[in-house]
Amino acid sequence: MPNPESFTPLKIEEIARRALAAAAGVPSGKVPEKLSRAVATGEGNREEIADLARALGPEAGFDLVRFDTDRIASFVFESSRPPVIAGASKILRDLNGTIARDFADWTLLSGGGEGLLLAPHGRGAEICRRIEESYQRASAGALGVTTAWIAARPEDFLPAPGSESAPRDGVRVVSGTPALLSLLHDEIRKKKDGRPQDRELVAGNRPRCRSCRDREAGRTTLRELGRPEEEGKVCDPCALRWRMGQGEIEGLSFEELIDHWTGTRAEASRKESYLGFLYADGNGMGALFGKLRSLGELQTLSGEVTGCFESLRVIVEKEVRAALPEPERGRASRLFLDLLAGGDEVIWILPAALAVHVAERLDAWLAAEVTARHGLREVLSQHDGKGLSIGIGLALCGLGYPVRYQYQLAKALQKQAKDRTYASG
């Protein structure tokens with residue numbers, strides 16, 4: 001994924017210039033600076049920008065492409081085996097990185113299972129197909145992605161006469177960049193809603209995967225995956241995730257993971273045999289992003305918010321390291337699960353006491369991170385005037401409680417926290 005520091009309007013100007021040049025079949029130096037700046041900032045005279053685009057040729061335009069991963073939680077949490085969970089998260093992170101690299105010339109955003117690209121006109125369908133194929137290959141067919149693209153001319157990124165910056169009678173008329181992004185969002189939503197969610201049925205006389213229990217068992221045995229004491233086989237998607245995640249986490253079960261923790265202490269308390277599933281998500285992010293007027297603002301805010309939450313991940317790893325005896329600190333990152341969520345979400349599975357410790361401090365850590373980021377404070381002051389806050393759900397569960405239910409419980413608790421925040425605001 002691109003570094004948050006690279007999310008600037010200048011970056012979008014470069015992408016827009018390259019895309020227009022490729023679409024029109026001219027050197028990038030022939031693309032007027034006014035065109036690329038208008039696309040990045042959403043500012044300029046529509047008629048003038050349209051005339052400049054027409055002068056480049058009839059093909060001088062873009063395909064605005066969006067991708068959004070389907071059912072991330074199902075993919076990550078359908079198994080309660082730590083290596084499978086860690087492997088699923090790694091596959092998702094790798095996919096975002098792969099797409100950003102494969103389409104480096106056109107990528108505006110790629111992280112948290114979704115992304116946005118500004119490609120030359122005529123390339124949208126091909127890019128969508130390649131992204132979908134990447135997901136199939138990387139997940140052994142277990143993970144889907146919804147893609148969509150719309151054609152846009154440079155002047156389409158500018159507001160039209162009659163658009164309004166504030167709602168009137170509960171309705172805000174939008175055009176320009178917000179309208180294009182809304183159209184893309186609607187296309188993605190329509191495709192997702194129209195897609196059947198049924199799983200492949202497993203015949204009653206066929207063995208089920210010993211990891212997810214949802215698919216028919218494949219050829220890989222648990223013995224091959226490091227569990228000689230267990231009988232049975234796993235499906236191909238679980239085998240792939242297991243192998244991807246085996247180097248990410250210590251212990252092939254949560255009992256073994258907790259044993260690594262309790263084994264580092266002279267006396268292990270009963271509370272240390274519980275897991276803490278911690279799910280945190282930014283408050284009011286949809287409303288905040290809905291106020292943005294340009295691709296430059298979108299890219300800047302996305303990068304800054306992602307940077308904030310990535311910093312939280314670093315802080316939590318430091319807390320894990322500090323909680324371990326000195327000889328064990330070198331493997332701190334392998335003694336808890338730090339899982340993929342969206343750019344404004346974080347998910348950790350930790351020993352219960354440490355999870356409580358982290359949950360109590362997350363909001364203060366986030367506030368300090370926002371204070372340290374001048375670019376973020378500037379965007380917030382323009383559109384919101386407030387800082388960032390988070391809603392937190394924390395579920396403390398016994399080791400035998402399926403992780404998919406831990407996730408559902410933590411998410412429900414987090415929603416309650418958000419509802420209380422919105423009600424009091």
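C209 has a relative accessibility of 0% and therefore counts as buried, where buried means under 20% relative accessible area, exposed means over 50% and partly exposed lies in between, with a 1.4 Å probe and protein chains only. C397, at 6% relative accessibility, likewise counts as buried. The structure is a predicted model, in which local features need pLDDT of at least 70 and side-chain atom pairs count only at pLDDT 80 or more, while totals for chains, interfaces and linings use all residues. Residues are numbered from 1 along each chain as its sequence is written, and side-chain values use heavy atoms, with hydrogens and water left out.

A disulfide is a covalent bond between the sulfur atoms of two cysteines.

The protein chain has 14 helices and 10 strands, which are DSSP runs numbered from the N terminus, with helices (H or I) of at least four residues and strands (E) of at least two. The radius of gyration of the chain is 24 Å, close to the 22 Å that the globule rule gives for 425 residues, so the chain is as compact as a globular protein of that length; this radius is taken over C-alpha atoms, and the globule rule is 2.2 Å times the number of residues to the power 0.38. Along the principal axes, the C-alpha atoms fill a box of roughly 75 × 50 × 45 Å, and 48% of the 425 residues count as buried.

A pair of aromatic rings is described by the distance of the centres and the angle of the planes. Rings of Phe, Tyr and Trp (its six-membered ring) pair if their centres lie within 6.5 Å, and planes under 30 degrees apart count as stacked, over 60 as edge-to-face and the rest as tilted. By this rule the count comes to six aromatic pairs. In one of them, the rings of F277 and Y407 have centres 6.2 Å apart and planes at 65°, so the pair is edge-to-face. Because F277 lies in strand β7 (residues 274–282) and Y407 in helix α14 (residues 403–424), this pair ties together parts that are 130 residues apart in sequence. Both F277 and Y407 are buried. The rings of Y279 and Y407, with centres 5.8 Å apart and planes at 40°, form a tilted pair, which links distant parts of the chain, since Y279 is in strand β7 and Y407 in helix α14, 128 residues apart. Y279 is buried, as is Y407, and one aromatic cluster is formed by F77, F277, Y279 and Y407.

Contacts between residues separated in sequence were also examined. D63, in strand β1 (residues 62–69), is buried with a relative accessible area of 1%, and its C-alpha lies 8.2 Å from that of L117, 54 residues apart in sequence. I49 has its place in helix α3 (residues 46–56) and counts as buried at 3% relative accessibility; its C-alpha atom is separated by 9.4 Å from that of D156, 107 residues apart along the chain. P402, found in the loop between β10 (390–398) and α14, is partly exposed with a relative accessible area of 28%, and 5.9 Å separate its C-alpha atom from that of S80, although the two residues are 322 residues apart along the chain.

A pocket is an open set of points, on a 1 Å grid over the protein atoms alone, with protein on both sides within 12 Å along at least five of seven lines, and its lining residues have an atom within 4 Å of a point. The second largest pocket has a volume of about 680 Å³, a volume being the space filled by probe spheres set on the points, which are joined across faces, edges and corners. Its lining comprises 28 residues, of which R71, G141, A142, L143 and R215 lie nearest the centre. At least two lining residues are supplied by each of α4 (72–77), α6 (124–139) and α8 (236–245). R71 is found in the loop between β1 and α4, counts as partly exposed at 41% relative accessibility, and has a phi near 50°, a positive value in a residue other than glycine.

Methods:
On a 1 Å grid over the protein atoms alone, a cavity is a set of points where a 1.4 Å probe fits but cannot get out, and a pocket is an open set with protein on both sides within 12 Å along at least five of seven lines; lining residues have an atom within 4 Å of a point.
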